[in-house]
Structures are given as structure tokens and as C-alpha cells.
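Trainee: I would like to go through this structure by asking about one residue or element at a time. May we look at it together?

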Amino acid sequence: MLPATIVGVVENSRFRSLRESVEPSLFYDRGKVDSLVWSPDGTRLAFVSRRGTHNFIGVYPGPGQPVSWMAPTSMGDDDPVWSPDGRRIAFSRMLPIGDIVPQNLAITPKPFAIMVATVADGSATMAWRSPNTLRGSYT
């Protein structure tokens, strides 16, 4: 179990303890941290690191240990959810849509996938993919 000082807030991309304002940051992230989710056993913290055009899913294992990243890519990862045993994390991933600049003003599909990552090594597999249609789009 992590010490009680893990309870804190995100300020300027630093997760800081609420215990005392003089305590050092628990970890630093270059993005904006949100969607914090405790592991089922309360020992690790999953979060989303938002970095402008892309997002990563990170896992903070506790003081003195580095953050690990779940299959990082340049796509948009979001919505982390722990498995009941705490060995995996499911999350949504925006998929590439082809042309970055649309050829016209038509509405185009925004496909997404449900990914499942193994926390121990950060590898992930696609568990499901939305159809590449407007009805299967992420909004």
C-alpha cells in the first residue's frame, strides 16, 4: 500500500501531495495529468497524460519508482480501467483517420479501439475496433 501522502492534486503537470505544500512532487509528467484511477489493491495509480495532439496511459507504482507507459503511440489514449486482478488496464485509443487535412468539409469517421495493456511490460493488444463509419465514430 502506498503511504497516505499519495493523496494529492495535479499542479502544473506535477502530482503533489496534499499533506504539506513543502513536500516534493511524487512524479513529474510533461503533459496535463487527469483521469487518475487507483489499482484494485491500492498500490498503483493509472492516469492519462495529455500532451496536445496525443495522450498516453501511465502507471505510477509508488515513491522512488519510475512511471511506466502502456504501449505509447502518437494516437489519443484515454479512459483507463483496471482489471479486477490489477494485472491489466483497458483503455480507449483513437485510430488514425488518414488525411489530417480533409479534402472537403464532409464529416468523416473517427474510428477508435479498446486496447488491453499488460501492466508488467506495457505491451497492449487491440480487443475491439469500431467500424470505420460515422455510426462507429468516437465523439
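Trainee: Does aspartate 77 count as buried or exposed?

Mentor: The model is predicted: local features need pLDDT of at least 70, side-chain atom pairs count only at pLDDT 80 or more, and totals for chains, interfaces and linings use all residues. Residues are numbered from 1 along each chain as its sequence is written, and side-chain values use heavy atoms, with hydrogens and water left out. Buried means under 20% relative accessible area, exposed over 50%, and partly exposed in between, with a 1.4 Å probe and protein chains only. Because the relative accessibility of aspartate 77 is 0%, this residue counts as buried.

Trainee: With which residue does aspartate 77 form a salt bridge?

Mentor: A salt bridge is a side-chain nitrogen of Lys or Arg within 4 Å of a carboxyl oxygen of Asp or Glu. For aspartate 77, the closest N and O atoms of the pair are 2.7 Å apart, and the partner is arginine 93.

Trainee: How many residues apart are aspartate 77 and arginine 93?

Mentor: Strands (E, at least two residues) and helices (H or I, at least four) are DSSP runs, numbered from the N terminus. The salt bridge between aspartate 77 and arginine 93 links distant parts of the chain: aspartate 77 is in strand β8 (residues 77–82) and arginine 93 in strand β9 (residues 88–94), a separation of 16 residues.

Trainee: Is arginine 93 buried or exposed?

Mentor: The cut-off for buried is under 20%. Arginine 93 has a relative accessible area of 5%, so this residue is buried.

Trainee: Which residue meets aspartate 34 in a salt bridge?

Mentor: The structure holds six salt bridges. In the one that involves aspartate 34, the N to O distance is 2.7 Å, and the partner is arginine 50.

Trainee: In which strand is arginine 50?

Mentor: Arginine 50 is partly exposed, with a relative accessible area of 25%. The side chains of aspartate 34 and arginine 50 meet in a salt bridge. This pair, too, links distant parts of the chain, with aspartate 34 in strand β4 (residues 32–38) and arginine 50 in strand β5 (residues 45–50).

Trainee: Which residues do salt bridges that share partners join into one network?

Mentor: Aspartate 85 and arginine 88 also meet in a salt bridge, at 3.8 Å from N to O. The network joined through shared partners consists of Asp34, Arg50 and Asp78.

Trainee: In what order do the four strands of the open sheet lie?

Mentor: Strands of a sheet pair through backbone hydrogen bonds, either parallel or antiparallel. Here, two strands pair if DSSP finds at least two bridges between them. The pairing in this open sheet is antiparallel, and the order is β4-β5-β6-β7.

Trainee: Which are the edge strands?

Mentor: The open sheet has the order β4-β5-β6-β7. An edge strand here pairs on one side only, as do β4 and β7.

Trainee: What is the angle between the planes of phenylalanine 47 and tryptophan 69?

Mentor: Rings of Phe, Tyr and Trp (its six-membered ring) pair if their centres lie within 6.5 Å; planes under 30 degrees apart count as stacked, over 60 as edge-to-face and the rest as tilted. A search of the whole structure finds three aromatic pairs. Phenylalanine 47 and tryptophan 69 form an edge-to-face pair, 5.8 Å from centre to centre, and the angle is 75 degrees.

Trainee: Which parts does the pair of phenylalanine 47 and tryptophan 69 tie together?

Mentor: Phenylalanine 47 is buried at 0% relative accessible area, whereas tryptophan 69 is partly exposed at 28%. The two residues are 22 apart in sequence, so their pair ties together parts in strands β5 and β7.
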